[in-house]
Amino acid sequence: MATDLDRPYGCTAKPSSLLNSIFMSIANMAGKMLVSTSSSKAENTEKWKLADHLRFMVMLISWLMLWVLRFFMDLFSCSMISPPDYHLGGSSTVRRFQLSPYSSSATGEALPSSGSSLDLILRNRVDVDGLAVKALVKALTHVLALLNEIPASSRKYQYTMAMADQIMEDNARHGHSALLHVNRLALASSFTRTSALLYRCLQVQTSPSGDYGDSWHLRAIKAIPFGSCIASYMKAITMCLNAAFSWFDTATTRFQRRDYNVEPDMMAEKLAQELLWVTNKLRCYGGVNEALVQWSLASGLASLSLNASPRVQGSVVKISAFLFRELTRKDLEIARQVKFRLLVLWTPLFCHASNDHAYPILTSFQKAEIERAMDEVISNFPAMEQELILTTWLENFAVSVSDWPNLGLAYDRWCQSTREMVHH
């Protein structure tokens, strides 16, 4: 009965008895190896040779791999296979045929009527419009993704950027809401992709090599009897796997970019400039709210930007300053949590950003404008949230060499309002 029901719904059966027998045999062999290890360690009569170590390591890896395989086969046995028409973005012919209000319950044939024909025409029109929008979003997203992969020194880089700009301008020229939505969807996807690539690039630059400290699961294994021996093997395996994955990820990234001579700092600078360009385009086409939400959640990027190169910091500061000015717009509904996270995350970068440029990152007018925007936004928060924001600012402003942003007036206003609360 269960086998008959599994076929139409695409469910797979449970793991076979052969897999269970293999799993149990390897478990028993590993258990015997642990027993022999403990006995040999207690008697101190013989030492393991290199072959014994390798055999035990292979058995331990096989045991863990089979356990993971068994777990995922049991967990996702009924969700690995989907109906074929689900991936096409539409409903199947059988489902439309069965759910049609004009189908006969006895024969299953649609009854001819003028209403059904009109509904069919309208439905086809909606499907065509939806497919056209999806095609435009896919095309524009692909062009924007190519910008991340093409080196800035290539002669096709400016051509690809001009092509993306032309597509967005043509969509906006028609003034259709669906075409404007195409621009916003593609740019939001590009913002997510570019910020993630920038984070990974900065993480590679700042992450210390060879730092393989004991994690929580290794400490838990060491707590059990003879766990230190197993933990040492697990740590060695983790180091080997991390090195292999790091090499594979670096090789794959270089192959995708089709450029083998790009330095990490140059790549980070290129990605930061592209992210600034995407942010400006989101503002032009009414999608800056998406950028505000994503930028308020980029805690890792905000932390790594503190130690980035001056040119990368310059672009990131411009992005943050651009988004901070948007917080005071009256026609834009921004959640209070988004404003709070933006101020807490990116105010330290304003204080510590390097000024090793031939030209300043922001002009004096822009700095004064951003200070006024920050002061206005902070004044609308409750007292407790104002304290957190201003404490974060003061901790970074007091130890930095920069005199911007100076939120002393906002800090004095918060102190005065807190005194009044105590007085009342």
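The structure is a predicted model, so to speak of local features takes a pLDDT of at least 70, side-chain atom pairs count only at pLDDT 80 or more, and totals for chains, interfaces and linings use all residues. Residues are numbered from 1 along each chain as its sequence is written, and side-chain values use heavy atoms, with hydrogens and water left out.

As for the cysteines, Cys 284 is exposed, at a relative accessible area of 57%, whereas Cys 415 is buried, at 18%. Here buried means under 20% relative accessible area, exposed over 50%, and partly exposed in between, using a 1.4 Å probe and protein chains only. Cys 284 sits in helix α10 (residues 264–284); helices (H or I, at least four residues) and strands (E, at least two) are DSSP runs, numbered from the N terminus. Between Cys 284 and Asn 183 there are 9.9 Å in space, C-alpha to C-alpha, and 101 residues in sequence.

Helix α14 (residues 336–352) packs against helix α15 (residues 364–379) at about 140 degrees, the axes lying 11 Å apart. Axes are lines fitted to C-alpha atoms, for helices over the stretch in contact, and angles run from 0 to 180 degrees between N-to-C directions. From α14, Lys 339, Leu 343, Thr 347 and Phe 350 meet Ile 370, Met 374, Val 377 and Ile 378 of α15. By class, this contact has six nonpolar residues, one polar and one charged; Ala, Val, Leu, Ile, Met, Phe, Trp, Tyr, Cys and Pro count as nonpolar, Asp, Glu, Lys and Arg as charged, and the others, Gly among them, as polar.

Ile 378 is also touched by Gln 386, a buried residue with a relative accessible area of 8% in helix α16 (residues 383–397).

Notes. Contact = heavy atoms within 4.5 Å. Lists of a residue's contacts leave out its neighbours within four places in sequence.
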